[in-house]
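Biologist: Please put the model up, and I will ask about its parts one by one.

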Amino acid sequence: MRLLKQVAAAALAAGLGLAGNVAQSADTLQDVMKARGLSQQDLLAAAKTYVPTGKRDEFVVFSSGGQSGQIIVYSVPSMRILKYIGVFTPEPWQGYGYDEDSRAVLRQGRIDGKDITWGDTHHPAISETNGEYDGQFLFINDKANPRLAVIDLRDFETKQIVVNPIFKSEHGGAFVSTNTEYVLEAAQYAAPLENRKFYPLEEFNERYRGGVTYWKFDRKAGRIDPKASFSLELPPYSQDLSDFGKGPSEGWSFTNSFCSERYVGGIEKGRPPYEAGCSAKDTDYLHVVNWKKAAELVAAGKARKINGHDVLTIDVAVKEGVLFLIPEPKSPHGVDVTPDGKFIIVAGKLDTHVSVYSFEKIQAAIKAGKFESKDPYGIPVVAMADALHTQVALGLGPLHTQFDSKACLAYTSMYVDSQVAKWNFCEGKVVDKLSVHYNIGHLMTMEGDSVKPAGKYLVALNKLAIDRFVPVGPLHPQNHQLIDISGDRMQLLYDMPLPLGEPHYAVAIAASKLKPAVRYKVGTNSRTDAAHPGATRAGEEKIVRKGNKVEVFATLIRSHITPETIETEIGDEVTIHLTNLERAQDETHGFTVSTYNVHASVEPGKTVSVKFKADKEGVYPYYCTEFCSALHLEMQGYLLVKPKGWKPTKTALAAQNYTETDYKATLKKIVDTQAVIDQVVAYITSVNYKDFPEVVAMVEDAFDQLGKTKDAKAKHEAAAGKKDWEQANLWAEQVWQYQVKTADLGLRAKTFLEQNGAKKVK
Ligand code: RUQ
Ligand code: CUA
């Protein structure tokens, strides 16, 4: 109790309980507890998850976005959502699917000429080096339309989508080998491997097949190399989850199945449904594959081409000794290799046990040629008894297993029991159980798939939320529950609703391992990492017309889009290349043209193109869609779509009639603002600002802005010399605009320095 009180007091000191309407009336932690009906346990949980402003979380989670076809990024322990990454589905904020360059990525995901603009994402995987997460790349699969995507963690953007050449659905991916040589994708519902080929269900056993694809990853290019990838043909057993071996089991991979009955339903014909026929037998098969040897066989030309893709057929795989089966209890779901690579843990959905298979025993049986039988396709079957290390009764509906930083400790989700079981896989005994809400699917520990799990936290990815949150209609959010696993007993800390599809699996990495960029090299196409042909430097903006093709080379910088007018004729094909000239952190500009369904997110340095046919006469405003600066609303322009053969009758724009008095007033404003800037500069240079890289960048940017005043100043003075007060006043106003941006940055830098303990120099 004493300790709890101390923690609670510390939490209060950290600012807990100062939010919301209780803040006015409740000044002590006791008051807050009373007013909000909180227990000591609640406060402890709150203190463990609270991250004060300015501080950051320890882990970053990449969660599948389920039917949204996206990835959700949040951080632990605060469970704050950081980003949604558009993967298989257009995502307007990032311009994903609304600019040409990202559309090119989505187009890679077309299947047989069809645009597919959604995905059912299930399993994300982080790239590994020597079995440890390296934070460079992220992969995720699409179960519905068998595809795999590559996301680069330098910018958290989707770079590539590959379509599985032989499957019609998949599930057991993405999983990576210990040095990310391959990304694995296993089929789910069996189908003929040839594309556009019909065989009746009566020929299921002969013509339908499952399989597993090993996508070759080229780390240097940051892309999958489809030509160097291959698949292994497997029987139509409804393959499911998979995992790569590591350590002693390096070079091998493991894939479950859940309908080795090969049952074909048909309730409309009076046959018992799939669910009955697919769970009739007591066991299904764990597929054990020597993928290293399989890759060698493919390299040696032993594969067959199916749809132009290398496939190692079952008979070759059997003959060459790269494919084996082991029975596993009824309708299993997860298969997870332990961090030491010695054991393979299989959870049987319809069995109360988890089965721990020993890789050593499996190898011994294979080496001795000790098989209990062959399956109908001639694949040798190792007896379960010869492969098992132990079986542990955990409860109802065990699904997935993850690992602790402490040796031999594992956590398994139990769907039917709505519980997490903590157990010891070396000794085969249960250690602790915790109820979760409700019907947990996957669970995930920090870096839990790697050879070095980080422990500390576990997230339960619950399928149902039921009564946990304020109701929002019949469709409920999912519930991710954060659990403290640092002690002997598990402690539930936090419930987070995830309202963007059903996240199946998630992976978490230490935030310190991620090194995302702040800006692109100017003129980069972020989707290809190459120089963008539409890249434009300051002062080189132009509009080029060739026939009916209009190409605009535009730039964006606070707070203007150059050019500010785009004149076209009806029927023109318009391409607008946009380069963000900013170097400052977080100075993203957006771009859209009214009614033409285009949008781009242009981060500092990026070049991106939007394209459309100007097929409707009219006047269409375009503007910056990110609130980037005080004059953001003024970051605008007009697309003019003129009728054919239109001729102007008026040649000058309306004048404002500014006077010398206006000009002088603006000059005064400039002098006053400069005084503010000088004060801020005096402060910044009086302290050790150079010790703060963030501030150095801001100062650079500020002087950048200030540097632009030179040109505008020359213009207003020249105009004043000619007594053209309108031009003089407006160019003077432009000088002031640059000053305002400079001052804005300077003040931000000053605040930063004051809050981060800058010290006086000299
Ligand atoms: S799923 S709840 Cu991994 Cu697709 Cu198991
Ligand atoms: Cu740029 Cu708003």
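Biologist: Which residues are exposed on the other side of α10?

Modeller: This is a predicted model, in which local features need pLDDT of at least 70 and side-chain atom pairs count only at pLDDT 80 or more, while totals for chains, interfaces and linings use all residues. Residues are numbered from 1 along each chain as its sequence is written, chains are lettered from A and ligands numbered from 1 in the order in which they are written, and side-chain values use heavy atoms, with hydrogens and water left out. Helices (H or I, at least four residues) and strands (E, at least two) are DSSP runs numbered from the N terminus; buried means under 20% relative accessible area, exposed over 50%, and partly exposed in between, with a 1.4 Å probe and protein chains only. On the other side of α10, the exposed residues are Glu360, Lys367 and Ala368.

Biologist: Why do the buried residues of α10 line one face of the helix?

Modeller: In α10 (residues 359-368), the buried residues are Phe359, Ile362, Gln363, Ala365 and Ile366. An α-helix has 3.6 residues a turn, so residues three or four places apart point the same way. Taking the directions from the helix axis to the C-beta atoms, the buried residues of α10 line one face because they fall within an arc of 160°.

Biologist: What do the buried residues of α10 pack against?

Modeller: Contact here means heavy atoms within 4.5 Å. The partners of the buried residues of α10 are β14 (252-257), β15 (283-290), β18 (323-329), β20 (343-348), β21 (353-358) and α11 (384-387).

Biologist: Which residue follows α10, and what is its phi?

Modeller: At the start of α10, a side-chain oxygen of Ser358 comes to within 3.3 Å of the backbone nitrogen of Glu360. After α10 comes Gly369, with a positive phi near 65°.

Biologist: How many residues has the largest nonpolar core?

Modeller: A nonpolar core is a set of buried Ala, Val, Leu, Ile, Met, Phe, Trp, Tyr and Cys residues joined through side-chain atoms within 4.5 Å. In the largest one, Tyr214, Phe254, Leu286, Ile344 and Tyr357 have the most contacts inside it, and its residues number 48. Helix α8 (residues 291-299) gives the most to this core, namely 5 residues.

Biologist: Is His123 buried or exposed?

Modeller: His123 sits in the loop between α5 (100-108) and β4 (125-129). Beyond four places in sequence, the residues touching His123 include Phe139, His171, Leu241 and Tyr505. With a relative accessible area of 1%, His123 is buried.

Biologist: Which side chain does a polar contact of 3.2 Å join to that of His123?

Modeller: A polar contact is a pair of N or O atoms within 3.5 Å; within protein, one must be able to donate a hydrogen and the other to accept it, and residues adjacent in sequence count only if both atoms are side-chain atoms. The side chain joined to that of His123 is His442.

Biologist: How many residues apart in sequence are the parts that Lys330 and Asp282 tie together?

Modeller: A salt bridge is a side-chain nitrogen of Lys or Arg within 4 Å of a carboxyl oxygen of Asp or Glu, and Lys330 and Asp282 form one at 3.9 Å, N to O. Lys330 counts as buried at 19% relative accessibility, whereas Asp282 is exposed at 60%. Lys330 lies in the loop between β18 and β19 (332-337) and Asp282 in the loop between α7 (274-277) and β15, so the parts tied together are 48 residues apart in sequence.
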